[in-house]
Every structure is written in structure tokens, then in C-alpha cells.
Amino acid sequence: MKFRKFIAAALAAISCVTVAGCSENNDVSSESTAAETATAEATAPEVPTDEFDTSLTALELTADIRIGWNLGNTLDATGGSGVTQETSWGNPKTTRELIQGVKDAGFNAVRIPTTWEKQMDENNVINAEWMARVKEIVDYAYDLDMYVILNMHHEEWHQPYADKQEEISAKLTTCWTQIAEEFKGYDQHLIFEGMNEPRWKNTQFEWNGGNDEGRQVVNHLNKVFVDAVRATGGNNQYRFLMVCPYAANSGEDALAALEIPDDDRLIVSVHAYIPYSFALQNPGSDKWVASKPNCTNEIDTLAEVLDRLFISKGQAVIIGECGAMNRDNEEYRAAWAEYYFSTFKKIGVPCFWWDNGAFMSGETFGLFDRYNNVPRYEVLIKAMMNGADGITGVDYSTGTAESDAA
């Protein structure tokens, strides 16, 4: 148990004993009791926070992330009401056993996509029950000493239009202030990600890297997010924060247009389902071969761009979403995963698989059986771990190295 939680539990127990003892004294007036309560509240010790390693750099932190996993289509779902939002897209309620299973499979980081929009009232105050449930799931991973990325996901209100910039900025500040206060005592294992794929939805500029207006507003909102979190103090003064280009786009134009706020504890967030024809297009190709340039060019190009624009300049990067859909082609997906994860490992960029729990239809990125807490695709998992560890040249049709099979 983290030290912060131990102290909180101890203080709560002491508080209960004190209140119980006072309740037996019927001679104390209500005014006296109120005065004593106010004095106690004013002098009560602040619950200690977990120790934050302030010497750690962003590049050192990302180097410590072996490989990450997304709890997709869960807290980021948009149906239901109240806490039933979590299961409104068909995935079961998240359990501690699932997160343990993810760690046991080799992942040491979890991204928890979260949609807050339906959980806010007219004053943008977040529902306390929802906040508590989010915290509970964050703690499943945090208590296992895993890295955790908590974000804002399917928010319709932060589409980056200039005429909405002031309104969005105010709401973003209000929301992130509440989230940051709730998690103020957590150490460097908790990372905040300000926005997920902010873009002009249902327009010609949605996925192509945007235009000048959209990019400029995203740059402004990134700064608003950073300022809001830093203003809450505590460990949030040092917390590592993720900022993204327009739509978290992996194209060079969008990445080059990203203006990173003046803060040395920021990480650039990028999403890359590439090559598109194999990873995401539907219908698309079910075959991927490392020896074919048309299969590797997009991956190699992105690695070169990320290294040139960011890594070589000391700026950390995380690929927060990636994956290749299931087309009954596990051996090809495994070969892709080894190449993909190892390519970005070489330049110091950790990758997070997008697991949306889907196996049968739609965007079939499901990886874990969330009822039995185990991965569905052992060969694919092995290839992902090999890539993350820099191991290459495995023939996933037999499980042996190519040199051994020759």
C-alpha cells in the first residue's frame, strides 16, 4: 500500500475514535462542540503525499515504461448514466484482477481513457461518484507500481475552434483543476494527458492534420491544461503531463506545428495506427511482411520524424495509441508488433496498445479477455514484449528465430 493511503486510513481511524469518544459527553454545548471542531479542522495535519522523484526527467520516465495498455471503450464510453457509463459500450466492469492480469502479461503501464462530459453539472462540477470510480480504477494500477495515464477522452466540447477558445479554456481549467486536486498526492507513476485527439469533427480537417486555426487553438489549450494542473500545487508542480498536436496526428505537418509549453516535464502524445491499410482500414490488408518496404515505410518514417523533431532535442514522446486489428491473422500481427515496438524502442518512445475489448466486429483491437483476465493472443503478446525489449528476428509461425529455422 502506498504511504499516502496508509496515513489516510490511519487518520480516518483516529478521527472515528475521537468522534465516538466526544459523543458520550452530553455536557458539551453545541456551540463549544462547533468551536472545537473548527479548531481541529484548522490544525489537522495535511495527509502526506507519496514521495515524488523530482530528479527524474521526462526522458528517464519514458525509458522506464516498457510497454503500455489502454483500458479502451470503458470509462471513455458515452452511454448509460452515472457510473453505468463504464459498461455502456459492452465491456464488463473493470476489476483489480484484470489490471493484475495486464501486469502479469508484461505491461508496466496503463492508459485509462476517461470521458468526463456526461459527469459534469451545469457549473462543470464533476460527479463525486464518478470521480471516486475513476480513482478506484487508477488505484488498481497505481498500487501495483504501474505507470498510469489519466486523460480526457470523448469530449465533444473541446473541438478547437477559435470562436470557442475562451469558453473551452475556462471549462478545461475547471475540469482539470478538479481532477488534479483529487490526485494531488500521487507520485510520478501518475501522468495526466490533457486532451485526446482534439479536432474539428465531421469536417475535411478532422483527420488530415488540421489547419492553422485548429492547430493554434490546440496549442493554446495545451498551455491552459498545463497551467491549470501546475496551479494546484503539491505533487502537481512536478507531475509529468502529456500534450498533443492537432488530433494527436502522427503526420509531420501536425507534429511540426505543435508548440510545446515552456515546461520541462512535458511528454508529446501521438497516436499511430500504421500502416493504415494493415492496422486500421476496414476492409484492409490481412498480411504484413517486414521485408517489404510498403509494409515498413510508414513506421520507419514516423520514427525518423519523432527522433528529429523531439527525441534528438531532449523532448520525450509516448505513442499513446497503436495496434493492428484482428483479421484472423495473428502471425502477421505478431510480426508487425515486433517490428513496430522495436522500431520505436530504438529511439526511446514507449507504445501503448489500444484494447477496446472488441473481438468479433468493428475495430477489433481486443487483446485481453476481460472476464478471465488473460490475453486472447499469446503469440501476439510475445511479439509485443519482444519488440519492447528490442528482440527481433523471430518467426512467429513457428516461434523460433529465423536463423534457427533456416
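1. Axes here are lines fitted to C-alpha atoms, for helices over the stretch in contact, and angles run from 0 to 180 degrees between N-to-C directions. On that basis, helix H11 and helix H12 (residues 378-388) of this predicted model pack at an angle of about 15 degrees, and their axes are 7 Å apart. Angles under 35 degrees count as roughly parallel, and H11 and H12 are therefore described as roughly parallel to each other. Their crossing is right-handed.

2. The H11 side of this contact is formed by Glu-330, Arg-333, Ala-334, Ala-337, Glu-338, Phe-341, Ser-342 and Lys-345. H12 contributes Glu-378, Val-379, Leu-380, Ala-383, Met-384, Gly-387 and Ala-388. By class, the residues of the contact of H11 with H12 comprise eight nonpolar, two polar and five charged.

3. Helix H11 (residues 330-346) also packs with H10, at an angle of about 15 degrees and with the axes 10 Å apart. This pair, too, is therefore roughly parallel, and the crossing of H10 and H11 is right-handed. From H10, the residues involved are Thr-296, Ile-299, Asp-300, Leu-302, Ala-303 and Leu-306. They meet Trp-336, Tyr-339, Tyr-340, Thr-343 and Phe-344 in H11. The contact of H10 with H11 divides into eight nonpolar, two polar and one charged residues.

4. Apart from neighbours within four places in sequence, Tyr-396 is in contact with Glu-331, Ala-334, Ala-335, Glu-338, Val-379, Ala-383 and Asn-386. Of these, Ala-334 and Glu-338 are also among the H11 residues that contact H12, while Val-379 and Ala-383 are among the H12 residues in that contact.

5. Two polar contacts involve the side chain of Tyr-396. One is with the side chain of Glu-338, at 2.6 Å; another is with the side chain of Asn-386, at 3.0 Å. The C-alpha atoms of Tyr-396 and Glu-331 are separated by 5.5 Å, although these residues are 65 residues apart along the chain.

6. Gln-315 is located in the loop between helix H10 (293-309) and strand S7 (316-322). With a relative accessible area of 14%, Gln-315 is buried. A polar atom of the Gln-315 side chain lies 2.8 Å from the backbone oxygen of Leu-266. Excluding neighbours within four places in sequence, the contacts of Gln-315 are Leu-59, Ile-260, Leu-266, Ile-267, Val-268 and Phe-310.

7. Thr-174 lies in helix H6 (residues 165-182). At 32% relative accessibility, Thr-174 is partly exposed. The side chain of Thr-174 reaches the backbone oxygen of Ala-170 at 3.0 Å. Beyond neighbours within four places in sequence, Thr-174 is in contact with Asn-123 and Asn-124.

8. Ile-274 and Pro-275 are joined by a cis bond with omega about -10 degrees, and Pro-275 is placed in the loop between strand S6 (266-271) and helix H9 (276-279). The bond from Asn-282 to Pro-283 is likewise cis, with omega near 0 degrees. Pro-283 is found in the loop between H9 and H10.9. Glu-197 has a phi of about 50 degrees and is placed in the loop between strand S4 (190-193) and helix H7 (212-230). Asp-328 has a phi of about 55 degrees and is placed in the loop between S7 and H11. As to accessibility, Glu-197 is buried, with a relative accessible area of 12%, whereas Asp-328 is exposed, at 75%.

Key
Residues are numbered from 1 along each chain as its sequence is written. This is a predicted model: local features need pLDDT of at least 70, side-chain atom pairs count only at pLDDT 80 or more; totals for chains, interfaces and linings use all residues. Side-chain values use heavy atoms; hydrogens and water are left out. Helices (H or I, at least four residues) and strands (E, at least two) are DSSP runs, numbered from the N terminus. Buried means under 20% relative accessible area, exposed over 50%, partly exposed in between (1.4 Å probe, protein chains only). A polar contact is a pair of N or O atoms within 3.5 Å; within protein, one must be able to donate a hydrogen and the other to accept it, and residues adjacent in sequence count only if both atoms are side-chain atoms. Contact means heavy atoms within 4.5 Å. Angles under 35 degrees count as roughly parallel, over 145 as roughly antiparallel, 65 to 115 as roughly perpendicular and the rest as oblique. A crossing is left-handed if the near helix is turned anticlockwise from the far one by less than a right angle, and right-handed if clockwise. Ala, Val, Leu, Ile, Met, Phe, Trp, Tyr, Cys and Pro count as nonpolar, Asp, Glu, Lys and Arg as charged, and the others, Gly among them, as polar.
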